[in-house]
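Please keep the sequence and the coordinates open alongside the numbered points.

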Amino acid sequence: MSVTVDEVDAEAAVPWYRRGRTLDVVGLLARLLLGVVLVWAGAAKVGHPLTSQRAVQAYQIFPFELAGWIGLALPFLEIVVGVLLLLGLFTRPAAVVGALLMLAFIAGIAQAWARGLSIDCGCFGGGGEIAPSATRYPEEIARDTGFALAGGWLAWRPRSLASLDRILFGH
Amino acid sequence: MAKNSTKGRAPAGTKGRTAANARQAKIQAAQRSSSGGANKIVVATVVVVVAIVAVVGGVIWMETSKKDAITGGGNALPAGVSALGDGYPAYQDVTPVDGAPTLEIYEDFQCPACKSYEDQLGSTVEDLAEQGKVRLVYHVKNFLDDNLGNTWSTQAGNAAFCAADAGKFQAFHDQAYANQPTEGDGFTDDQLAGFAEAAGITGSALDTWQECYDAGKYVDYVNSVEESSAKDGVTGTPTLRLNGETLDLGQVGTPEQLTAAIEDATA
């Protein structure tokens, strides 16, 4: 009994924003944000194989053929990672992969910007060359940075509300 | 997921059930002692296998559906084109003046920005080409088919080169852009035949055009131009390259600016 009282006292001593419950809610929001974005981004590319290939090829990073294969695989990788995050299943590894994907996207967009390419990021379908005045590199980088931070949070503290990790593995 | 696998093994007989129960109890005891829930390694294995199947299966499916979209038809080369993937030189009956620069135009018949370009600058470029002041080369792309979920870029491209057989590429091209449907709606077979007629293809020549169109004589050629132009770094349309230099359409957006750029590039 005294243990419980101590726990309550300890919980009352920390400010609300550092309590486990609050942090679990943050975790849930981070999962939903990154999960929804990844599933959405992946689903938008499914059924558009050539467009997805051209979007990757437009970055002019990888050899043409390799970029084509990446373009075919990326949508499904995004969906798999996104679904795991939505389910809260293996949250930490999924979040690490999700954050790395976002960092890769940021690097790709930044190098396109730096090299003077004018492309659409192709993040949610579409992609390819566009008019120089139509590029939106800063917005795209800022947005992906937000998503990377959500992934970073979950990699650091994967605990969250309503996760399969908690139901199946008790954490 | 661990639940599913035990359900799948549930035997019918009572004897079997007892044995299974005992086994189940042991498994559960082992799990409780290790992680207090489902067996993490089993679940992880299932997830990894499902993930790999999803990605690999998805890639194979996408690659297959891509091939379905672009095959069918002949692999003929339009007159004046020496290899698959090369652009189509327009105004082949015009002798260019000495030092005339080459203007390469990368277009997709379903691209609204290409229509804007054609509306604003198309006639300027064609006048210069007619006077031999610029060598005009068209790269007819079809990547919007995949984006829009139809095949009308390829079909309009094929139709344009069928018109080229009758010496009417440019007229057909201009008709198609002047009457471009709203993005996504696509052309119709009748519409494309109408463009051929409006381009001045009549009588038996129109029958020949129709046969060429129906056979998809230039489908492979259009696909090859899409692929080779993308390899050359052209993944958007319209793209204009003057003597190999990509033009910023913001800088040459008026007939005067484009004419000046072409004159500057003349040797």
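1. Basis of the note. The model is predicted, with local features requiring pLDDT of at least 70 and side-chain atom pairs counting only at pLDDT 80 or more, whereas totals for chains, interfaces and linings use all residues. Residues are numbered from 1 along each chain as its sequence is written, and chains are lettered from A and ligands numbered from 1 in the order in which they are written.

2. Make-up of chain A. Chain A contains seven helices and two strands; these are DSSP runs, H or I of at least four residues for helices and E of at least two for strands, numbered from the N terminus. Their order along the sequence is α-α-α-α-α-β-β-α-α.

3. Dimensions of chain A. Along the principal axes, the C-alpha atoms of chain A fill a box of roughly 65 × 30 × 20 Å.

4. Of the 171 residues, 42% count as buried, that is, with 20 or more other C-beta atoms within 10 Å of their own; exposed residues have 12 or fewer, partly exposed ones lie in between, and C-beta atoms are placed from the backbone. Contacts are pairs whose C-beta atoms, placed from the backbone, lie within 7 Å. Among those between residues at least 6 apart in sequence, 69% join residues at least 24 apart.

5. Val26(A). This residue belongs to helix α2 (residues 20-45) of chain A. Val26(A) counts as partly exposed because it has 17 C-beta neighbours inside 10 Å.

6. The contact between the chains. Chain A gives 26 residues to the contact and chain B gives 30 residues. On the side of chain A, the elements that give two or more residues are α3 (49-57), α4 (64-87), β2 (128-129) and α7 (164-169). The largest share, seven residues, comes from α4(A). By class, this side has 17 nonpolar, seven polar and two charged residues; Ala, Val, Leu, Ile, Met, Phe, Trp, Tyr, Cys and Pro count as nonpolar, Asp, Glu, Lys and Arg as charged, and the others, Gly among them, as polar.

7. Strand β2 of chain B. Six of the seven residues of β2(B) (residues 102-108) are buried, so the strand is largely enclosed by the rest of the structure. β2(B) pairs in the parallel sense with β3(B) (residues 135-141) over seven bridges, where pairing requires at least two bridges found by DSSP. Glu107(B) stands opposite Val140(B) in β3(B).

8. Four bridges join β2(B) to the antiparallel strand β4(B) (residues 239-242). Glu104(B) stands opposite Arg241(B), and Tyr106(B) opposite Thr239(B). Two bridges join β4(B) to β5(B) (residues 245-246), again antiparallel, with Arg241(B) opposite Thr246(B). In this hairpin, which has two residues between the strands, Asn243(B) takes a positive phi near 50 degrees.

9. Helix α10 of chain B. The buried residues of α10(B) include Val219(B), Tyr221(B) and Ala230(B). Just after the helix, Gly233(B) takes a positive phi of about 95 degrees.

Technical notes. Two residues are in contact if their C-beta atoms, placed from the backbone, lie within 7 Å.
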